[in-house]
Amino acid sequence: MVILKTARELAAMREAGRISQRALREAGKAVEPGVSTAEIDSIVRSYIEKQGATPSFLGYGGFPASACISVNNVVIHGIPSKQQILKNGDIVSIDVGAHLAGYHGDNAWTFACGDVSREAKALMDATREALFEGIAQALAGNRIGDIGHAVQQYVEARSYSVVRDYVGHGVGAKLHEDPSVPNYGTPGRGVRLMPGMTIAIEPMVNQGRHHVRVLDDKWTTVTADGLLSAHFEHTIAITSHGPVILTSPD
Ligand code: MG
C-alpha cells in the first residue's frame with residue numbers, strides 16, 4: 001500500500017533527509033587512498049548520532065554497519081571493514097540512511113578515490129545523470145514506469161546496463177515502503193504518482209552486463225562479470241509543483 005504523506009510529515013522527512021545527505025557528504029570527504037571502509041562507516045555513524053538521529057541501516061535485516069560501502073565491482077550492500085583499505089583509482093559507492101522523529105531519509109553517491117580512470121568517471125557521470133533523468137519524471141500524474149524508462153534509456157544509450165535484481169522504493173516511517181521503483185520500465189505503466197508520495201530513486205548501473213550475484217556473507221552484491229558498478233540515490237517527494245529532493249543539505 002502506498003502511503004501518502006501530509007505536509008507535516010514531509011517536513012519531518014526533509015529533516016531526516018538533510019541529516020542523511022550531510023552524513024553522506026561527510027563520508028565522501030573521507031574517501032581517500034589509505035582509509036579503511038570501517039573508518040568511513042564510523043564517520044557516518046557518529047555524524048548521524050550527533051544530530052540525534054539513528055543510522056537507518058544499522059541492524060536492518062541484520063546489517064552490521066551504518067553505511068553500505070561498495071567498492072568497484074561491488075554493486076550494493078558492501079560491508080565496511082577495517083581490512084578494506086581504499087586505493088587510488090577506486091570508485092566507492094556509499095549508501096546512507098538516517099531515521100529521525102519517525103521518518104527515514106535514504107541516499108547514495110559514488111565517490112572517486114584519488115584519480116580514477118576515464119572509464120570509471122564516465123560510468124559515475126552517467127549514473128548520476130540517470131538519477132536526475134528519473135527525478136525529472138517524478139511528476140504527479142506520471143507513472144512509476146516513466147521514471148524507470150527515463151533511467152534505462154539514458155543508461156542504455158551509453159552502452160551500460162541497469163541492475164534488475166534491486167530497485168528503488170517508497171520511503172517514510174519505514175525504510176522500504178511501496179511502491180517498488182525499478183530503474184527500467186515502460187512509459188505510462190505502473191503505479192500512478194500522486195502528491196504526498198515519497199520514493200527513493202536509485203539507479204545501480206553496471207559497466208558490463210546487468211547480472212549480479214550475492215557473496216557468501218549474504219550481503220555483498222557484485223557484478224557477475226566483475227566489471228565496475230555505480231550507484232546514486234535521492235529520496236524525493238512528489239508534489240503538485242514537481243519533484244522535491246528531500247535528501248538535500250539545506
Ligand atoms: Mg534505498
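Ala, Val, Leu, Ile, Met, Phe, Trp, Tyr, Cys and Pro count here as nonpolar, Asp, Glu, Lys and Arg as charged, and the others, Gly among them, as polar. The model is predicted, with pLDDT of at least 70 needed for local features and 80 or more for side-chain atom pairs, while totals for chains, interfaces and linings use all residues. Residues are numbered from 1 along each chain as its sequence is written, and side-chain values use heavy atoms, with hydrogens and water left out.

**View 1. Lining of the largest pocket.** The pocket holds about 340 Å³ of space. Its lining has 21 residues, and H77, D95, H169, H176 and E202 are the closest to the pocket centre. Strand 7 (168-170) and strand 8 (177-181) are the elements that give two or more residues to the lining. By class, the lining divides into 10 nonpolar, four polar and seven charged residues. A pocket is an open set of points on a 1 Å grid over the protein atoms alone, where a 1.4 Å probe fits, with protein on both sides within 12 Å along at least five of seven lines; lining residues have an atom within 4 Å of a point. Grid points are joined across faces, edges and corners, and the volume is the space filled by probe spheres set on the points. Strands (E, at least two residues) and helices (H or I, at least four) are DSSP runs numbered from the N terminus.

View 2. D106 (OD), H169 (NE2), E202 (OE) and E233 (OE) lie 2.1 to 2.4 Å from the magnesium ion. The donor residues follow the spacing D-x62-H-x32-E-x30-E in sequence. D106 belongs to strand 5 (residues 103-112) and E233 to the loop between strand 13 (229-231) and strand 14 (234-237), so this pair ties together parts 127 residues apart in sequence. D106 and E233 are both buried. Donors are N, O and S atoms within 2.8 Å of the metal (3.2 Å for Na, K and Ca); water is not among the atoms, so sites may look incomplete. Buried means under 20% relative accessible area, exposed over 50% and partly exposed in between (1.4 Å probe, protein chains only).

**View 3. Nonpolar cores.** The largest nonpolar core has 27 residues, and those with the most contacts inside it are L123, I147, V155, I199, I201, I236 and I238. Helix 3 (118-136), helix 4 (144-156) and strand 9 (198-201) each give two or more residues to this core. Helix 3 supplies the largest share, seven residues. Apart from this core lies another, of 24 residues, including V44, Y47, V96 and C113. A nonpolar core is a set of buried Ala, Val, Leu, Ile, Met, Phe, Trp, Tyr and Cys residues joined through side-chain atoms within 4.5 Å.

View 4. V167 lies in the loop between strand 6 (161-162) and strand 7 and is partly exposed, with a relative accessible area of 26%. Not counting residues up to four places away in sequence, V167 touches S180, V181, P182, Y184, E202 and M204, where contact means heavy atoms within 4.5 Å. P179 is in strand 8, and the peptide bond from D178 to P179 is cis, with omega near 0°.

View 5. A101, in the loop between strand 4 (91-100) and strand 5, has phi near 50°. S159, in the loop between helix 4 and strand 6, has phi near 70°. A101 is exposed at 66% relative accessibility, and S159 is exposed at 61%.
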